[in-house]
Amino acid sequence: MYRILVPVDTDPDRARGQAAFVEDLPTDAENIEVIVTHALPPDDVKDPDDPSSLEDVETVVLARDYLEERDYDVTLAAGRLPPADGILDLAEDHDVDHIVMGSRKRSPTGKVIFGSVSQQVLLESPVPVTIVGTKPA
């Protein structure tokens, strides 16, 4: 079974783009297990340590529903902080084979000042990381 981690943020189009990427992989849904989590600050989630609070995150539900409607086996995993470290920890805990990140456009200065979760995951991940764009509804 090929395991893919899909950490979503607050943008529905990015979450849809991440889920669409998984759907476009050249294999059948029964060969892929998807773990959906969030990369959100704790203020954006009722209880960051409670997996059931993921049901309150619009983009988590969107990605899960998109994939389940296409017969993918989807598991929700509670996000951890800081987001980049949390994503890397979840990737290790779930023994994933691939991480599919969404990313927003940011200027080079913005990346230096604010950092980039996607960039840190890309540089530190022991498994392949794919950065995808958006997919409008």
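In the predicted model described here, the secondary structure of the chain comes to 5 helices and 5 strands, where helices (H or I, at least four residues) and strands (E, at least two) are DSSP runs numbered from the N terminus. Read from the N terminus on, these elements follow the order β-α-β-α-β-α-β-α-α-β. Residues are numbered from 1 along each chain as its sequence is written, and side-chain values use heavy atoms, with hydrogens and water left out. Because the model is predicted, local features need pLDDT of at least 70 and side-chain atom pairs count only at pLDDT 80 or more, whereas totals for chains, interfaces and linings use all residues.

Of the 137 residues of the chain, 45% count as buried; buried means under 20% relative accessible area, exposed means over 50%, and partly exposed lies in between (1.4 Å probe, protein chains only). The accessible surface of the chain comes to about 7,200 Å², and carbon and sulfur atoms hold 48% of this surface; the areas come from the Shrake-Rupley method with a 1.4 Å probe, and for residues only the protein chains shown count as cover. Among the contacts in the chain with a separation of 6 or more, 75% are accounted for by residues 24 or more positions apart, a contact being heavy atoms within 4.5 Å.

Val6, a residue of strand 1 (residues 2-8), counts as buried, with a relative accessibility of 0%. When its neighbours within four places in sequence are left aside, Val6 is in contact with Gln18, Val22, Val34, Ile35, Val36, Thr37 and Val100.

Helix 2 (residues 58-68) is largely enclosed by the rest of the structure, because 8 of its 11 residues are buried. These buried residues are Thr59, Val60, Val61, Leu62, Ala63, Arg64, Tyr66 and Leu67, and what covers them includes strand 1, helix 1 (12-23), strand 2 (32-38) and strand 3 (73-76).

In the loop between helix 2 and strand 3, Asp71 has a positive phi of about 70° although it is not a glycine, and Asp71 counts as exposed at 63% relative accessibility. Pro82, which lies in the loop between strand 3 and helix 3, is joined to Leu81 by a cis peptide bond with an omega of about -10°. Asp95, in the loop between helix 3 and strand 4 (98-102), likewise has a positive phi, near 50°, in a residue other than glycine, and Asp95 counts as exposed with a relative accessibility of 54%.

Asp89, placed in helix 3, is partly exposed, with a relative accessible area of 37%.
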